[in-house]
Structure formats: structure tokens, C-alpha cells
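Please look at the sequence and the model shown below before reading on. The report then takes up several parts of it in turn.

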Amino acid sequence: MTSPLRLELFIDAQNTYRSARRSFFSPNALPVNGQFNPRRLGEIVAERSRPGGAACILHDVRIYTGRPDPEKDSRTYAAHMRQCDAWEAAGARVISRPLRYPRGWPAERAQEKGVDIALAIDFVTMAIEREYDVGVIMSTDTDLRPALEFTSRRSEVRQAAVAAWRGASRRQRLAIPGANLWCHWLDRDDYDAVADPTSYAR
């Protein structure tokens, strides 16, 4: 009997949140609309993944996020940490990078720096070290294409794939030119199954 393939889901937290809002909600929706439980999301993806007919089991969910500075923005930092604690309690692994604050902050927003790079490095190095059989990236950030291009050619990986939200009038996904990269499309019913309505701001 063939052993199930180990599936690893790599989530760009902010990109996935914003994509959910654009796909399923109006621009003035409440801030909690778009939030999700990363572990439940991974379970849905793993349940539907069958590369070459083989079943998959969810090995791990890694969620990548920018972390506010507790001295510059203590309130946002506290809300962020409560959300990260909830993600970890649900069974996800949180990887954070500090936000960059421009000179014009707070009139100008703090920016994520290095989140996509951290995700890409882990996606590639974990493939080389055979830490997963099926690697799935949930993001529409085109900066992640090189990692997908590299990993899709590796013999260690049974499948490199992506996941994306699919709204009634919007669908956007990562793709590799000239390659048949599998996409796990997730619709509104899928979002509702993983939605997190918790308000982490107090």
C-alpha cells in the first residue's frame, strides 16, 4: 500500500487576507472579513490533493506575516500577537518578519519586507531537504514565481502547486509561463468553512 504524500502549505498571510476580501467582500466590509483559520485551510487543500492518484496528508501549515514594532505601534502589535497565538493554537507554524516604517509613518503605512523572501527560501530549501512531497503556495505575489519554477523541476517533489480564492467575478492565481502548474481554487463556500470572525483588536 502506497504511503500518503506529505503536503506542506505555505501561506502569505496578508496577501491571502486581502485576496479573500477582494474576492468575497465589499471594500467597506468589516476588518474581520477575510480572516481565516490557516490549519483548516490546509486540511481542505490536503483533502483534495491527489497527485498521480496518491492521497495526501497535511504535514504542516506555515504562515508568513509581517510583525509590527511593539514600541512604535503597541496596539497593532498586541492584536497581531493575539492572532498569531490563535494561529499557533490551531496548529499552524508562524514565521514573522518585522515591518518597515517609512519616514512618513503613521501618515504612510508600515510595509512588509522580507516576508515573500522567507517563504520562497523555505519552499525551496525544504524541497531540497525532502521535508515535504507536495508543496503548495497560497499567494498571488509574482515574486514567488522563481521558487515555484525551481521546485517544480526537482525530483524530490511530487508536485509544486498553488492555491487561490475564486470569487464570482474575480480569480487570480500564480502561474509559471509554459508550465501546467496545478491550482487549488477555493470558492466562497470554502472560505466560509475556514473563516475566522474573531476581532483581535481590543
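## About the model

This is a predicted model, in which local features need pLDDT of at least 70 and side-chain atom pairs count only at pLDDT 80 or more, while totals for chains, interfaces and linings use all residues. Residues are numbered from 1 along each chain as its sequence is written, and side-chain values use heavy atoms, with hydrogens and water left out.

## The nonpolar cores

A nonpolar core is a set of buried Ala, Val, Leu, Ile, Met, Phe, Trp, Tyr and Cys residues joined through side-chain atoms within 4.5 Å. Here buried means under 20% relative accessible area, exposed means over 50%, and partly exposed lies in between, with a 1.4 Å probe and protein chains only. The largest nonpolar core has 33 residues, of which Leu7, Leu41 and Trp165 touch the most other members. Among the elements that each supply at least two residues of this core are strand E1 (5-12), helix H2 (38-48), strand E2 (56-67) and helix H6 (188-194); helices (H or I, at least four residues) and strands (E, at least two) are DSSP runs, numbered from the N terminus. Apart from this core lies another, of 24 residues, including Phe10, Ile95, Ala120 and Val162.

Contact means heavy atoms within 4.5 Å. Not counting residues up to four places away in sequence, Leu7 touches, among others, Val45, Cys56, Leu58, Val134 and Val136.

## Two helices side by side

How do the axes of helix H4 (residues 115-128) and helix H5 (residues 145-152) cross? They come within 9 Å and cross at roughly 10°, where axes are lines fitted to C-alpha atoms, for helices over the stretch in contact, and angles run from 0 to 180 degrees between N-to-C directions. H4 and H5 are therefore roughly parallel to each other, a label for angles under 35 degrees, whereas those over 145 count as roughly antiparallel, 65 to 115 as roughly perpendicular and the rest as oblique. H4 contributes Ala120, Phe123, Val124, Ala127 and Ile128 to the contact, and H5 contributes Ala147, Leu148, Phe150 and Thr151.

## Residues of H4

Asp122 is found in helix H4 and counts as buried, at 17% relative accessibility. Leaving out residues up to four places away in sequence, Asp122 touches Phe10, Arg62, Tyr64 and Ala127. Met126 is also in helix H4, and with 6% relative accessibility Met126 is buried. Apart from neighbours within four places in sequence, Met126 is in contact with Glu8, Phe10, Arg62, Glu131 and Tyr132.

## Cysteines

The structure holds zero disulfides, a disulfide being a pair of cysteine sulfur atoms within 2.5 Å. The closest cysteine sulfur to that of Cys56 is in Cys183, 15 Å away, which is too far for a bond. Cys56 is buried at 12% relative accessibility, and Cys84 is buried with a relative accessible area of 1%.

## Backbone features

Most residues other than glycine have a negative phi, and most peptide bonds are trans. Trp105 and Pro106, however, are joined by a cis peptide bond with omega about 10°, and Pro106 lies in the loop between strand E3 (93-98) and H4. Arg130, in the loop between H4 and E4, has a positive phi, near 60°, although Arg130 is a residue other than glycine.
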